[in-house]
Amino acid sequence: MSIRVFLAIWMLLLYWPARAVELRFATGEFLSFDFSAEESSGEAKAPVPHGPFVDVVQAVCTHIRFDCPIDLVPWRRALAMVEQELADAVFAVIPNHERAADFLFTPALIDSSLDLYAHRSNPAKGWQPEPGGSRELHTLGPSGTANLVSLRLQGIATAHVHLEIDNLRLMRKLDAGRFGDGMVVMNRNIARRLIERHHLRNVREVGLFEEVGYAIAFSRQRVSPEKFQAFERGLEALIADGTISRILQRYRLELAPAAREWAARSASEEPCDCLLHGGLEEHGSDVHRGMPTYCPVVARQPRYGL
């Protein structure tokens, strides 16, 4: 091979665009922080992923120069895509210790709440069953919300949880009186949006069920530690410089204090691995006993934590 041909090939390889590292995300329609339906101009046009978590993911991926496609699908399919290793990550989720063996979680970026909703004909003021009575709770599942509801009902033989495939169907059934004296547990943000958007006049807000935090979950099977750490470092940098706070403020949301605390910790500090913090120790809600508040694997539960 002549030196001229060699140099031509070398120059071609030098300037050949490198393929970006990819992280594929999945998210569900009609979730707590999904605003895709509001951006769609007609039923014939498929909604485009839109919302605070979408903007956060895109900002971090731009910062670390990763290619990050986002699939907007029904929630059950979004979760299945990650479990079947068809996607790398899913959002927005409520982190919990039980799933830490399968998922790596970012810190909870947004604090919110799960509230109770009932039909207007139901006078109940809380979810606890009356003496001699029972309580049926309905929620989206499988989901972090369903996991939390199940935890709260442990040991209460007269309280049961029932799963539905999407939030809109849940609220429409409640509005139609199909749950009788049963109640729905749902994120406050999406419940209020659905009630207003679909004129669900027979649905009333009962009160708080549990405070929660929402994060991004990465598959341990599909995402290497290096990829996850790269995303974490990018997220940490954008929290530190105020970018993430500005993104959330566009949606009238605030960055969770625990996420700010996590980003502010010393760069030289060893990363928190929650599985090493007494994984067999008893824990309540989503707060592990003795767990640092910035630990990315567990959502902070200030009201119901230990």
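The largest nonpolar core in this predicted model has 55 residues, and F25, F218 and F231 have the most contacts inside it. A nonpolar core here is a set of buried Ala, Val, Leu, Ile, Met, Phe, Trp, Tyr and Cys residues joined through side-chain atoms within 4.5 Å. Buried means under 20% relative accessible area, with a 1.4 Å probe and protein chains only. In soluble globular proteins, nonpolar side chains tend to be buried together.

**How to read the model**
- Because the model is predicted, local features need pLDDT of at least 70 and side-chain atom pairs count only at pLDDT 80 or more, while totals for chains, interfaces and linings use all residues.
- Residues are numbered from 1 along each chain as its sequence is written, and side-chain values use heavy atoms, leaving out hydrogens and water.

- Leaving out residues up to four places away in sequence, F25 touches V57, C61, F218 and F231, among others; contact means heavy atoms within 4.5 Å.
- Another core, of 27 residues, lies apart from the largest one and includes V82, F105, L170 and A217.

**Helix 3 against helix 8**
- Helix 3 (residues 52–64) and helix 8 (residues 225–240) pack at about 105 degrees, with axes 9 Å apart; axes are lines fitted to C-alpha atoms over the stretch in contact, and angles run from 0 to 180 degrees between N-to-C directions.
- That angle makes helix 3 roughly perpendicular to helix 8, a term covering 65 to 115 degrees.
- Residues making this contact include V56, V57 and C61 of helix 3 and F231 and L235 of helix 8.
- The contact residues divide into 11 nonpolar, 2 polar and no charged; Ala, Val, Leu, Ile, Met, Phe, Trp, Tyr, Cys and Pro count as nonpolar, Asp, Glu, Lys and Arg as charged, and the others, Gly among them, as polar.

**A look at V56**
- V56 lies in helix 3 and is buried, with a relative accessible area of 1%.
- Beyond residues up to four places away in sequence, V56 touches L109, L235, I244, I247 and L248.
- V56 and L109 are 53 residues apart along the chain, and their C-alpha atoms are separated by 9.6 Å.

How values were computed: Helices (H or I, at least four residues) and strands (E, at least two) are DSSP runs, numbered from the N terminus. Angles under 35 degrees count as roughly parallel, over 145 as roughly antiparallel, 65 to 115 as roughly perpendicular and the rest as oblique. Buried means under 20% relative accessible area, exposed over 50%, partly exposed in between (1.4 Å probe, protein chains only).
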